[in-house]
Amino acid sequence: MKNIDRNTFAKELERLRKGSISRREFLRVTGLGMATTVMASGMAGSLMSAAARAGEKDIGDRVALATWPNYHDAKNFNEFAAKTGANVQVNVFGSNEEMLAKLQAGGTGWDVFVPTNYTISTYVELGLIEPLDVSRLPNFRPEAYEKRFMEQGIIDGKVYAVPKNWGTTGIVFNSKRIKSMTSWKDFFDVTRDYGSGGTIVHDYQLTTIGNALKYFGFSFNSCEPAELAKAEALLLDCKPHLYAITSDYQPPLRNGDAWMSMCWTGDGSQLHRDMPEMKYILGREGGELWSDFYAIPKSAEHKDAAYALINHLLAPATNAAEVLAHGYPSGDSRVDALLPKTMLEDPIMYPAAELLSALEFGAAATLINPDRAELIARFKSA
């Protein structure tokens, strides 16, 4: 194999990362081309990883991320692995309750996870996360974010989580199958009428119960027994008409097996981008406004890699690539400055102020409320 000093290798690697040279040229210049033709892929990967870490702190060869469906650009993970030698292992979940239960049970192996705003205080109270050392996150700039999209990551003046994205929870529907849709009342009524068999609701109590509560004009976060009873009756009445209860709803919507679903901003953006007949609306009664964060579990085994991954994903250019891929606004003004005007003017990503004003952030009490937990369990098992 060709001899090459560390500094030259690091320089060529950076050129590869920026796209200045091709992978083939990189392999030729560094002498790794011959190695990759004769070694098993695992050995070649080890060589590349070790070399990629030249001159940098060794953070290990992996980092585990627990996150949501359709929420990242895989190219950014590949870039991180090439730069640091740590491969990103992604675990996908459909609800904050599921994430909480996994962490409480222990042994998750997660190094980074993506909780929603209303859950963070519970993680702190249960001692499952610790304050972040923000000095290890130089790409995090608090002043770049709107207060409402980051304040719930700060408790008693300590930063426990940093912002990833924000968005809304609305309705996506196939306009070739569904005549019109303006409200949560429409959503549940159409489900029990001509839309029977094609509706999906989230496998997530906050939104499924919350949107059923909005049907009656109640708070999205209500824990009142009488109001929950009405929401349960509505959900049970709809159950025979549902296509599925799942938070990973894009596949059946794309292949035509389903034609309407509770939906998060980015999924609405992705579906409408690829299938213009897929429309995303916010229920006129209101619903959910949310913000997601990056946090590090107290039990994380690879904390150096965790900080490195979060910092990588918060870099404005990397974050902009994320937003372009998944369609969720970041809340970071530095990222917005890198996005195309058409995206910044997209009403799915950035609804009008009057539509946002009717929405509610999830309340911490809903995460561990036994009445809501029992309601969703009865609904799913019915």
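Strand β9, which spans residues 260–264, is mostly covered, and five of its five residues are buried. In the predicted model, β9 pairs with strand β6 in the antiparallel sense, while strand β7 runs parallel to β9.

**Strand β9 and its partners**

- Strand β6, made up of residues 162–174, is joined to β9 by five bridges, and the two strands pair in the antiparallel sense.
- Within this part of the structure, F173 has M260 of β9 as its bridge partner.
- Strand β7, covering residues 199–201, is connected to β9 by two bridges, with the two strands running parallel.
- I200 stands opposite S261, a residue of β9.

**The open sheet of β1, β2 and β3**

- Three strands make up an open sheet with parallel pairing, and their order across the sheet is β2-β1-β3.
- Because β2 (87–92) and β3 (112–113) each have a single partner strand, they stand at the edges of the sheet, and one side of each is left without a neighbour there.
- Strand β1, residues 62–67, pairs with β2 in the parallel sense over six bridges, and V63 stands opposite V88 in β2.
- Helix α13 packs on this sheet and touches β1, β2 and β3, with a direction that makes about 60° with that of β1.

**Nonpolar cores**

- In soluble globular proteins, nonpolar side chains tend to be buried together.
- The largest nonpolar core of this model contains 72 residues, and F113 and V162 are those with the most contacts inside it.
- Helix α13, which runs over residues 303–314, supplies the largest share of this core, namely seven residues.
- Another core, of 27 residues, lies apart from the largest one, and its members include F173, F188, A212 and L242.
- When neighbours within four places in sequence are left aside, F113 is in contact with A66, M99, L103, Y123, I129, F293, Y294, A295, I296 and P297.

**Cysteines**

- A search of the whole structure finds zero disulfides.
- C263 has a relative accessible area of 0% and is therefore buried, whereas C223, at 23% relative accessibility, counts as partly exposed.

Technical notes
Residues are numbered from 1 along each chain as its sequence is written. This is a predicted model: local features need pLDDT of at least 70, side-chain atom pairs count only at pLDDT 80 or more; totals for chains, interfaces and linings use all residues. Side-chain values use heavy atoms; hydrogens and water are left out. A nonpolar core is a set of buried Ala, Val, Leu, Ile, Met, Phe, Trp, Tyr and Cys residues joined through side-chain atoms within 4.5 Å. Buried means under 20% relative accessible area, exposed over 50%, partly exposed in between (1.4 Å probe, protein chains only). Helices (H or I, at least four residues) and strands (E, at least two) are DSSP runs, numbered from the N terminus. Contact means heavy atoms within 4.5 Å. Two strands pair if DSSP finds at least two bridges between them. A disulfide is a pair of cysteine sulfur atoms within 2.5 Å. Axes are lines fitted to C-alpha atoms, for helices over the stretch in contact, and angles run from 0 to 180 degrees between N-to-C directions.
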